[in-house]
Amino acid sequence: MPDEHRNPLQEYQVGHIPGALFFDIDGISDRSTDLPHMLPSEEAFAAAVSALGIENKDNLVVYDGKGIFSAARVWWMFRIFGHDKIWVLDGGLPRWRASGFDVESSASSDAMLKATAASDATEKVYQGHRVGPITFKTNFQPHSIWTIDQVHKNIEEQTHQHVDARSKARFDGVAPEPRKGIRSGHIPGSKCLPFPQMLDASQTLLPANELKKRIEQEGISLDRPILISCGTGVTACILGLGLHRLGKTDVPLYDGSWTEWAMSHDI
């Protein structure tokens with residue numbers, strides 16, 4: 001995220017689970033928009049994932065360096081393209097380290113080449129070039145992602161409870177957004193459920209009973225449809241992960257989230 005000044009690839013090189021690949025949510029993203037790390041096209045995602053050496057038959061486990069953060073976004077990306085054989089490592093690399101498991105402190109040249117190739121393949125697709133070989137076939141689930149027009153319509157029709165994963169201060173407009181030029185505030189009719197409420201102190205996902213309690217405390221009904229959003233479509237996926245644990249798997253994400261909404265003239 002822009003206010004953290006972190007270098008994910010460098011962190012991967014310094015320490016990662018043995019054999020793990022590097023998945024770059026900024027590199028494998030929609031190159032046709034100025035919005036950060038938006039979902040790429042089917043063709044671009046297939047090209048990037050194929051460059052990583054991933055196939056449809058593969059079972060995937062994703063993790064990140066914070067506990068549960070960007071891994072939830074990668075989990076969502078694979079699922080929206082029809083790959084359900086994916087799991088998030090609860091607690092991520094911090095919990096792995098704390099459990100005493102081995103960590104590699106150098107990245108193989110093959111892993112680095114694949115990371116670069118995935119980003120390059122994405123760019124080539126958006127430039128109109130052919131990329132191959134393709135080893136991963138997508139099966140896009142359009143109901144899992146919403147556009148700004150659908151969000152506008154939902155304000156009027158209220159078919160979905162709109163839940164925002166940002167902090168209460170940003171939601172209320174009293175704390176700044178991390179991206180310059182973006183005002184804080186919230187989409188009309190939305191409710192605030194900050195993503196840290198899905199996690200315990202060690203950044204692992206809460207058990208189902210505690211998740212249910214925290215969600216319902218915010219006036220959100222698990223019996224009604226839910227739409228999730230955040231700042232740029234990353235931390236909302238943590239809400240999606242928590243709702244998935246509760247058996248609510250049909251939760252769409254407004255990918256442009258508050259950044260797109262605040263940048264539009266229809267506020």
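Is P188 buried, partly exposed or exposed? In this predicted model, P188 is partly exposed, its relative accessible area being 42%. The residue sits in the loop that runs between helix 7 (168-172) and strand 5 (191-192). Once neighbours within four places in sequence are set aside, P188 is in contact with I155 and W261. The C-alpha atoms of P188 and H162 are 9.2 Å apart in space, while the two residues are 26 apart in sequence.

Nonpolar packing was examined next. In soluble globular proteins, nonpolar side chains tend to be buried together. The largest nonpolar core of the model has 51 residues, and the members that touch the most others are F23, F45, W76, F78 and M198. At least two residues of this core come from each of helix 2, strand 1 (60-62), helix 3 (70-80), strand 2 (86-88), helix 8 (208-217), strand 6 (226-229) and helix 9 (236-245). Helix 3 provides the largest share, eight residues. With residues up to four places away in sequence not counted, F23 touches I28, F45, V49, L52, V74, M77 and F78. Another core, of 10 residues, lies apart from the largest one and has I148, L227, W258 and A262 among its members.

Helix 2 is largely enclosed by the rest of the structure, because seven of its 10 residues are buried. These buried residues are A44, F45, A46, A47, A48, V49 and S50. They pack against helix 3 and helix 5. After helix 2 comes G53, which has a positive phi, near 85°.

The largest pocket holds about 1200 Å³ of space. Its lining comprises 44 residues, of which F22, F23, Y63, D64 and S70 are the closest to the centre. Helix 1, strand 1, helix 3 and helix 5 each give two or more residues to this lining. By residue type, the lining consists of 26 nonpolar, 10 polar and eight charged residues.

Charged pairs were then considered. Side chains of opposite charge can pair when their charged atoms come close. The model contains 13 salt bridges. In one of them, R31 pairs with E123, and the closest N and O atoms are 2.4 Å apart. R31 belongs to the loop between helix 1 (8-14) and helix 2 (42-51), whereas E123 belongs to helix 5 (residues 109-126), so the pair ties together parts that are 92 residues apart in sequence. R31 is partly exposed, at a relative accessible area of 29%, and E123 is also partly exposed, at 29%.

A salt bridge is also formed between E177 and R170, with 2.7 Å between the closest N and O atoms. E177 has a relative accessible area of 9% and is therefore buried. R170 counts as buried too, because its relative accessibility is 17% and the cut-off for buried is under 20%. Salt bridges with shared partners link D164, R166, R170 and E177 into one network. A further salt bridge joins D84 to R79, where the closest N and O atoms are 3.5 Å apart.

Technical notes
Residues are numbered from 1 along each chain as its sequence is written. This is a predicted model: local features need pLDDT of at least 70, side-chain atom pairs count only at pLDDT 80 or more; totals for chains, interfaces and linings use all residues. Side-chain values use heavy atoms; hydrogens and water are left out. A salt bridge is a side-chain nitrogen of Lys or Arg within 4 Å of a carboxyl oxygen of Asp or Glu. Helices (H or I, at least four residues) and strands (E, at least two) are DSSP runs, numbered from the N terminus. Buried means under 20% relative accessible area, exposed over 50%, partly exposed in between (1.4 Å probe, protein chains only). Contact means heavy atoms within 4.5 Å. A nonpolar core is a set of buried Ala, Val, Leu, Ile, Met, Phe, Trp, Tyr and Cys residues joined through side-chain atoms within 4.5 Å. On a 1 Å grid over the protein atoms alone, a cavity is a set of points where a 1.4 Å probe fits but cannot get out, and a pocket is an open set with protein on both sides within 12 Å along at least five of seven lines; lining residues have an atom within 4 Å of a point. Grid points are joined across faces, edges and corners, and a volume is the space filled by probe spheres set on the points. Ala, Val, Leu, Ile, Met, Phe, Trp, Tyr, Cys and Pro count as nonpolar, Asp, Glu, Lys and Arg as charged, and the others, Gly among them, as polar.
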